[in-house]
Amino acid sequence: MFKVRSRDRRGLHCSTIDDRGGSLLKRESIKRVDMEIWLIGIGILGAFTYVIVKNSVSKITKTPIWLLWLVLMSPPLIVTGWIIIHEGKVPMPLPVFIGLCVLSLMLYWWIVRLGRVPPTEKEVNAVEKVPNTPDLALEALDTAAKNPITRPITPEEEKSLRDCFPWGVYYLQNIDYRPQAILCRGKLRSVPDEAYKIVKGNVERVFSDRFLVLFQESFQGQPFFALIANPWAKNAESPVEEKLSRPGISVILLLLTLFTTTIVGMEFSGVTTEQVETTLELFGDGFTLPALDANLALIARGLPYSLALLVILGVHEMSHYLAALQYKIRATLPYFIPVPFFLGTFGAFIQMRSPTPHRKALFDVAVAGPLGGFLIAVPLLLWGLSLSEVVPIDAQSGLLDFETLNPRFSFLLSILAKIALGSRLVVGQAIDLHPLAVAGYVGIIVTALNLMPVGQLDGGHIVHAIYGTKTAIVVGQLTRLLMFILAFVQPDFLLWAIILLLMPAADQPALDDVTELDNKRDALGLVSLALLLLILLPLPGAVATWFGM
């Protein structure tokens, strides 16, 4: 649950006056949640969860989809029951909620494994035949391509395939057949970028668009080529035809998210729960024109938060989308996830439906989102901080306590707060964030979460693009460990640590996953990881003294 301000930002205070004559803020917890909004959010979340489950694991397990959905949805359903029983007056303890989430995910993983479809004897033999192949990489691409089975090639075609590998470029030693790929193993004799372009061009000249050509490294560091059936080939038996552009769904989700974030923004701005409910009943019995004006004024107070947050998240995802289009990667439009509580949204996402051509494209698409969103979040945060107020610090303040936020939790936030508030921010003072500042602050938190170098997060893509798959997996495991250590110092990071623990360790490979990046991209990648540290690490005591805070 989050707290609601009891102050009107236009200058009218609803606070009490103590004996010292100072104006104090009266902080109230939300006593109950409007069940209509909550049930709408649960319905949206349930539909979204069902689609994700059906598209992700339906082909690898015999466990009924409805059971998997029920297990994943059990935490929000239990929370709904808690709210109904306690009439919204008693918030569920955070450790209980986290425990429910952990148990749900563990049970989900167990029943998926329990019903997992066993591999055939042919597949087992094929895997044993090539032990040095990074199976995670091939399985990821195989899944992305909807599990096509490589069509057998004739002896004449195999001879033509061998001719695609000039001995001075890549000396081909043997060809191994697997159910999902043809592996071509040998010795690299030229620059990786040049080798991939030449071999790929030769394969396309002989086989047209029949195969996707992968260039990867085994875990022993030996480059190899792999050919998998191209599901988008013009002459494929069942070509993948999917309409990616669904602007109607994107617009509907955007409007729903605007609605939920505006309601949350109203509460951040000091509108009481009763006023919010009255606004939601705007067109009910007793509707009058003055009531319309009054309620529209209340709605307008929620817009600074909602519009700023949607702009930050939208720029983040559109930066991904435009970078993907630049490399002709099939990608969906951004989809927002509305929820009727907490921040009003769980963020936004896009889906890429075709392989990334090379590590350069993987890096550019990954880094575009966090940097784009960050460049928008910083000026909005500075603006919001200048409208915020300085209040006495609360020893119990956490990372999401927007009414008594201690900026010293973050090195970057401390710098921005000092720039915006100047001499008003001194030792023993915290910040009561303006709704606009809340949106900017959430924006840099989202940037930090996405820059975590784990799995398929943007940071995981960046590390993979710079150092390769093997190093990226090691960095991801170390990051998980460090986050759990950090959670002991700052308990607010515990949920992050759990999320990172449950994410896949391996990232999907690019088609050319061997050619390294240029120095400029390497430097930009290191800058983005340094930005992550600036956001997460606290302000050192010596620097705080120097800043006078």
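Let's start at Leu-256, which sits in helix 8, residues 247–268. Keep in mind that what we are looking at is a predicted model. Now look for Pro-338. In sequence, Leu-256 and Pro-338 are 82 residues apart, yet their C-alpha atoms are 6.1 Å apart in space.

That pair leads to the protein as a whole. Among contacts with a separation of 6 or more, 72% link residues 24 or more positions apart. There are 18 helices and ten strands. The protein has 549 residues, and 49% of them are buried.

Two packed helices are described by the angle between their axes and the distance between the axes. Here the pair is helix 14, residues 458–467, and helix 17, residues 519–536. Their axes come within 10 Å and cross at roughly 145°. The crossing is left-handed. Which residues meet? From helix 14 we have Ile-462, Val-463, Ile-466 and Tyr-467, and from helix 17 Asp-522, Gly-525, Leu-526, Ser-528 and Leu-529. By type, the residues of this contact are six nonpolar, two polar and one charged.

Now the salt bridges. How many does a search of the whole structure find? Seven. I will go through some of them.

In helix 6, residues 155–162, Arg-162 and Glu-158 are four residues apart, about one turn of the helix. They form a salt bridge, with the closest N and O atoms 3.4 Å apart. Arg-162 is partly exposed at 35% relative accessibility, and Glu-158 is partly exposed at 23%.

Helix 7, residues 192–207, holds Lys-200 and Glu-204; the two are four residues apart, so about one helical turn separates them. Their salt bridge has its closest N and O atoms 2.6 Å apart. Lys-200 is partly exposed, with a relative accessible area of 25%, and Glu-204 is partly exposed, at 36%.

The last one is between the side chains of Asp-518 and Arg-521, at 2.6 Å, N to O. Asp-518 is partly exposed, at 32%. What about Arg-521? Its relative accessibility is 18%, so Arg-521 counts as buried, the cut-off being under 20%. Through shared partners, salt bridges join Asp-364, Asp-518 and Arg-521 into one network.

How values were computed: Residues numbered from 1 in each chain as written. Predicted model: local features only at pLDDT ≥ 70, side-chain atom pairs only at ≥ 80, totals over all residues. Heavy atoms only, no water. Axes fitted to C-alpha atoms, helices over the stretch in contact; angles between N-to-C directions. Left-handed = near helix turned anticlockwise from the far one by under 90°. Contact = heavy atoms within 4.5 Å. Nonpolar A, V, L, I, M, F, W, Y, C, P; charged D, E, K, R; others polar. Buried < 20%, exposed > 50% of the residue type's maximum accessible area, 1.4 Å probe, protein only. Salt bridge = Lys/Arg side-chain N within 4 Å of Asp/Glu carboxyl O.
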